[in-house]
Amino acid sequence: MYVVCKEHVELAIDMFVDEYEDAPDVVDLKETKFSDWDPPVKCKECEQKAEFLVV
Ligand SMILES: [Zn+2]
């Protein structure tokens with residue numbers, strides 16, 4: 001699972017496919033509320049705000 005900014009979504013998808021050999025779901029963090037989990041504030045790959053969950 002990767003939490004990334006908009007610019008790194010494609011990179012995260014590539015990493016996911018490499019690792020799991022399956023296509024991920026991309027979740028928009030702005031449109032999703034998690035009851036028992038707070039997603040990271042920052043992108044995994046840079047210092048920008050995390051916007052998408054690749055899972
Ligand atoms: Zn980023």
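1. Accessible areas here come from the Shrake-Rupley method with a 1.4 Å probe, and for residues only the protein chains shown count as cover. On that basis the protein chain exposes about 4100 Å², of which carbon and sulfur atoms supply 49%.

2. This is a predicted model: local features need pLDDT of at least 70, side-chain atom pairs count only at pLDDT 80 or more, and totals for chains, interfaces and linings use all residues. Residues are numbered from 1 along each chain as its sequence is written, and side-chain values use heavy atoms, with hydrogens and water left out.

3. The protein chain has one helix and three strands, in the order β-α-β-β along the sequence. Helices (H or I, at least four residues) and strands (E, at least two) are DSSP runs, numbered from the N terminus. The C-alpha trace spans about 30 × 25 × 15 Å along its principal axes.

4. The zinc ion is coordinated by Cys5 (SG), His8 (ND1), Cys43 (SG) and Cys46 (SG), at 2.0 to 2.3 Å. Donors are N, O and S atoms within 2.8 Å of the metal (3.2 Å for Na, K and Ca); water is not among the atoms, so sites may look incomplete. The donor residues are spaced C-x2-H-x34-C-x2-C in sequence. Cys5, in the loop between strand E1 (2–4) and helix H1 (9–20), and Cys43, in the loop between strand E2 (26–28) and strand E3 (52–54), are 38 residues apart, and the pair links distant parts of the chain.

5. Cys5 counts as buried because its relative accessibility is 1%; Cys43 is also buried, with a relative accessible area of 6%. Buried means under 20% relative accessible area, exposed over 50%, and partly exposed in between (1.4 Å probe, protein chains only). Of the 55 residues of the protein chain, 33% count as buried.

6. Both cysteines belong to the largest nonpolar core, which has 10 residues: Tyr2, Val4, Cys5, Val9, Ala12, Phe16, Cys43, Cys46, Phe52 and Val54. E1, H1 and E3 are the elements that give two or more residues to this core, and H1 supplies the largest share, three residues. A nonpolar core is a set of buried Ala, Val, Leu, Ile, Met, Phe, Trp, Tyr and Cys residues joined through side-chain atoms within 4.5 Å.

7. Met15 lies in helix H1 and is partly exposed, with a relative accessible area of 23%. Leaving aside its neighbours within four places in sequence, Met15 is in contact (heavy atoms within 4.5 Å) with Tyr2, Lys44 and Glu45.
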